[in-house]
Amino acid sequence: MDIKVTVNGTTHHLDVPDNTLLVDVLRERLGLTGTHVGCDTSQCGACVVHMDGTAVKSCTVLAGQADGAGVTTIEGIGRPDDLHPMQAAFRENHALQCGFCTPGMIMSAIDMVQKSEGRLDEAAVRDGLEGNLCRCTGYHNIVKAVLSAQDSM
Amino acid sequence: MYQFNYHKPSTLTEATSRMVEAEEGAYLSGGMTLIPTLKQRLAAPSDVIDLSGLPGMSGISIDGDIVSIGAMTRHAEVAASDAIPALAELAGGIGDAHVRNRGTLGGSIANSDPAADYPAAIVALDSTVRTSIGPIAGGDFFTGLFETALREGEIVTSVDFRIPDAAAYEKFPNPASRYAVVGVMVARCGDAVCVGVTGAGPHAFRATALEEALAADFSPGAVDGVAVDSSDFNADIHASAEYRAHLVGVLTKRAVARIG
Amino acid sequence: MATETGIGASVKRKEDARFITGAGRYTDDVGQHGQTYAVFARSPYARARLNGLDTSAALATDGVVAVFTGADLQASEVGDLPCGWMVKSKDGSDMVQPPHPPLAVSSVNYVGEPYAVVIGETLEAAKNGAEALDPDFEEQDAVVDLATAAEADQIHESVPNNQCYDWELGDKAATDAAFAQAHHVASIDIVNNRLIPNAIEPRAALGEYDEASGTYTLHTTSQNPHLERLVLAAFVNIAPEARLRVISPDVGGGFGSKIFVYAEETAVIWAAGQLRRPVKWRAERSESFLADAHGRDHVTHAELALAEDGRFLGLRVKNKANMGAYLSTFASSVPTYLYGTLMAGQYKTPAIYVEVQSLFTNTAPVDAYRGAGRPEATYVVERLVETAAREMGIDPAELRRRNFIQPADFPYETPVALTYDTGDYEASLDRALDHADYSGFQARREASEQGGKKRGIGFSCYIEACGLAPSQVAISLGAGVGLFEVGEVRVDVTGSVTVVTGSHSHGQSHETTFAQIISDKLGVPFENVTVLHGDTGRSDYALGTYGSRSLAVGGSAIIKATDKIIAKGKKIAAHMLEAKEDQVEFEDGSFNVADSNQSLTFGEVAFAAYVPANYPLEELEPGLSEKAFYDPPNFTYPAGAHICEVEVDPDTGVVTIEKFVAVDDFGHVINPMIVEGQVHGGLAQGIGQALLEHGVYDDTGQLLSGSYMDYTMPRADDLPSFTVDTTVTPCTHNPLGVKGCGEAGAIGSTAAVMNAVTDALGVKDVPMPATSETVWRALRNGGNG
């Protein structure tokens, strides 16, 4: 099937098998390997991207469902010399260790802050990170990073 | 995933005929259950029919004391709506943020997962499930484990909920999956009290013994001493049937206390 | 040199730039032209004979390139997967090691054991091929229960009573005598629950064979690529080490589970050679659950003998440890030398006797998981001490205090074969009590009770033996390899520095910490130091990352190499400044001649090393690049005090952690930010074991907790923010005075949580994990779940 997806601002016309997942479009077809796959039951959140401005698990979206959509991945939000405030907050607060969950964690956190009405407190951040697993940090510094990023976003 | 043909029909008629034509069709709404199932090769549909292109299937409207929610309305949208606060609270506790951004009301109830949240509201609130064929009373909708009153090819288009005088939803989440180990929706409509229970049994049901006790005395204490029959309750590594039965009582009390 | 980037500074990490922008490069991100995809066929049975395997339909499947079975590997003389540590039984006999072919040949012994690999042009084709395999299994009764495994059906022909070994440590007679004098004996029967490691990056491998050079290259998710290469070369017979390169690129967490050499990468690299094409495999999470080595899984009876004043007189431990179906790479050492040796804890218990029977069952192999043996030992000691305190009516903090090894006692030789070099256990406990506001606990408990809740507090004063390991000791106890580390410091012509370490970083932040050390020692800017790791083509033979050893052993190797750099720099400087070598001092990045104003910068000396004009070549080689191997003289002994406070909802049994305090002594700290992060992660895993995580098999050996739908991973909303602090007694025998911090959180925390839960409930024990139903039942029964 033919799909059109705009990823990080660039529009791609792709011919993909019907049973293709969005995450495979990103990783295998577009080489955007910052989006990771950590599970097969749509729980871990390593694959979170923004689709039309909303955080989704790209392992649980078919390519056909993304046809016509705008997708933003971790590669599309900032560069080392021009970081997104959430990326900067993760670095500043040591909110990552092995880095594998980090892209999904950052994409989820950005969506959480953008969608929040008023300031998030610790409990709200912890609740909002329910769909992202991290095995390294114990979440302590991730929570700190998200709380601090909301001031700079 | 096995191979399948993906379709995105633009009318209800086209969707149902795709289903009829398919060797083995599957409707796709949010995909929060279907896609993981496909990924693990636990299902092998020949055709996947995406309902997201159907017009008029999404959104929340209020007409008098009836709230109508389109089947393709995402959980996040219901969670943000103040039409029925208890329903918003329920929707806001489904899965995680990403599930709520994609998952839909129609997809959830059509699957009749015993641990899904929405079914508690379908049975507890005076609801009508509207479909491509006709209306089904909420109380008649769930018929078994992963079974509903939907006929072959029938598509849920919307659900009407009568706004209760007061309602509250209490959920005890599975610590791993975050589905409901038990979820209880308590609703008052005039003198009537409805207690919808999900998670505990093979499908959502109304706890009539609790309803009778609460109709006589709407207080948390009225729940004490009401036996919850757990004979057909679910049991797994997270909760035995006995514990689920206990939780039905605890959550009902908490919901009643919150309604006041 | 105290600077913003030197030792002791919370420098932001070098690694982060790539990870926060999606530029990390993990094994699954590496692709090669013409690569094929591997899918493993796995046993659906816990125990079955494999009487035949028809591969014809699989081979005929569209897109299938090849199918290899266990018999194919055997015919090609692919060796078994070995266990690297020989443990001997009480009677002096060697442990019994069943054959462990990478792909099962004639029998399968756990659900998920691979018996064939299908290679496809696409992943989908390989999956289709795997489904088309037609194995002839004859199912047999599975042995699942550890407690009764010795009396159950014999799993392996060569292993009577399913016993791997029956090991002992300590003086039995002296311990029995101590018990005979006891005023009080506290005893516990506890289960250390099976855990499934769950690094968020699943294991993966990409094997390649280059025909021109006859060289194999394996990219894989290994914590120790040299060990991987050694096993693949020496035991599996893939190729000599010189023609086998193993690369561990960015690795998404390990926690022990990526130490081991597994069937999958073995089959992948071998298949790449057979096919002359790259072969790639990435585990799906369900495969990780089934086939990553699991952790813990002990059943233990333990007793503590006390004098009337609460002094510990003796400790007796009788333990059964589950090995799973086969011996994984270091499985045998975990419940023995990493467990029994820790039974003294922080206490002057004069007599200790430990017996460990390790048994095979039809479950996934069990091996080291964060802490490896030391969490299990801490759980025994600290649950027992708390139990004794309650039974004797002594405050649990006070009972510990009465028995602590005192600062003046170091070096302290324990009755279980270790010599602790240093520590101040009371200092950590005092600090922890302070943070925990212990004196305010009763008031908080009463407040909880008024709200219908139950509140409890629990302690855990743990010790660990880290910095694995003195080779001489380890080899004498059965290790098959040395446990030193290598470090290489290459000063570039322009004065920048490349450090090559054998320690692999998969979250531990070596690229930052090691750069801080170099920057500090050589006075070069932090930005100019680059740390390389994870590639057998880059570093000398090295042992990799496990056992909280990277800084204590790998860092010490780097220090040794740095000392050699400085020594050589002095020679060069002496020559350039026409001074005597012993007059040259190195300080703050410059070489100075004593009692003069003559000085050269580090950069000037580096340049001279590579531009050797007017150089005394007969006395001095050009270049400034040094390497050192460091073998530690002793283990390091991080220790600390963890205090957990919980509240229990008696209606539902839900346990909430209200406060968690960890005060640890890691010796000197290079980067406090990184150390705190390591502690946080360890705490989450230890708390996860106590309250959430459980690898559960049913009676037929099917894994019931085989996905994130059923295995409870700690999530952000399950955990509190932690209170973390450190005290410092420097390690006495390594150049940095460091002890290691990677495992402490997981070692100490579990017992603190369970002591708090049992305190809240007023019961002796609750089985782990203390799930809501378990706690609810304990409350109803007033006892064990």
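A salt bridge is taken here as a side-chain nitrogen of Lys or Arg within 4 Å of a carboxyl oxygen of Asp or Glu. The model is predicted, and by this rule the count over all chains comes to 74 salt bridges.

One of these contacts is formed by the side chains of C:R18 and C:E511, with N and O 2.9 Å apart. The pair links distant parts of the chain, 493 residues apart: C:R18 belongs to helix α1 (residues 16-19) of chain C, and C:E511 to helix α14 (residues 510-522) of chain C. C:R18 counts as partly exposed because its relative accessibility is 22%, whereas C:E511, with a relative accessible area of 11%, is buried.

In another contact, C:D540 forms a salt bridge with C:K627, and the closest N and O atoms lie 2.9 Å apart. Here too distant parts of the chain are linked, 87 residues apart: C:D540 is in the loop between β21 (529-532) and α15 (550-577) of chain C, while C:K627 is in strand β25 (residues 625-630) of chain C. C:D540 is partly exposed, with a relative accessible area of 27%, and C:K627 is also partly exposed, with a value of 30%.

A contact between C:R777 and B:E242 brings in chain B: their side chains meet in a salt bridge with an N to O distance of 2.7 Å. C:R777 lies in helix α19 (residues 772-781) of chain C and B:E242 in helix α10 (residues 241-259) of chain B, so the pair joins two chains. The relative accessible area of C:R777 is 19%, so this residue is buried; the cut-off for that class is under 20%. B:E242, by contrast, is partly exposed, with a relative accessible area of 36%.

The chains themselves may now be taken in turn. Chain A has five helices and five strands, and from the N terminus on its elements run β-β-α-β-β-β-α-α-α-α. A compact globule of 153 residues would have a radius of gyration near 15 Å, and chain A agrees with this because its own radius is 15 Å. Its C-alpha trace spans about 45 × 30 × 30 Å along the principal axes, and buried residues make up 67% of the 153 residues in chain A. Within chain A, A:S58 is found in the loop between β4 (54-57) and β5 (70-72). A:S58 has a relative accessible area of 0% and is therefore buried. Between A:S58 and A:D127 there are 69 residues in sequence and 21 Å in space, C-alpha to C-alpha.

Chain B comes to ten helices and 14 strands. For 260 residues, a compact globule would have a radius of gyration near 18 Å; chain B has 18 Å, which agrees. The C-alpha trace of chain B spans about 55 × 45 × 30 Å along its principal axes, and buried residues account for 56% of its 260 residues.

Chain C comes to 19 helices and 28 strands. With 785 residues, a compact globule would have a radius of gyration near 28 Å, and the 27 Å of chain C agrees with that. Its C-alpha trace spans about 85 × 70 × 50 Å along the principal axes, and buried residues make up 67% of the 785 residues. In helix α2 (residues 56-59) of chain C lies C:L59, which is partly exposed, with a relative accessible area of 44%. C:L59 and C:A368 are 309 residues apart in sequence and 38 Å apart in space, C-alpha to C-alpha.

The surface of chain C carries patches of two kinds. C:D54, C:D134, C:D136 and C:E138 form a negative patch, to which strand β6 (residues 134-139) of chain C gives the most, with three residues. C:E138 has its place in strand β6 of chain C and is partly exposed, with a relative accessible area of 39%. A nonpolar patch of about 320 Å² is made by C:V493, C:F607, C:Y610 and C:V611. Among them, C:V493 lies in the loop between β19 (485-491) and β20 (497-501) of chain C and, at 36% relative accessibility, counts as partly exposed.

Technical notes:
Residues numbered from 1 in each chain as written. Chains lettered and ligands numbered in written order. Predicted model: local features only at pLDDT ≥ 70, side-chain atom pairs only at ≥ 80, totals over all residues. Heavy atoms only, no water. Patch = residues over 30% accessible without salt bridge, like charges linked within 9 Å, V, L, I, M, F, W, Y side chains within 5 Å. Areas by Shrake-Rupley, 256 points an atom, 1.4 Å probe, with all protein chains shown as cover. Lys, Arg positive; Asp, Glu negative; His and termini not counted. Charge placed at Lys NZ, Arg CZ, Asp CG, Glu CD. Helix = DSSP H or I, 4+ residues; strand = E, 2+ residues; numbered from the N terminus. Buried < 20%, exposed > 50% of the residue type's maximum accessible area, 1.4 Å probe, protein only. Rg over C-alpha atoms; globule rule 2.2 N^0.38 Å.
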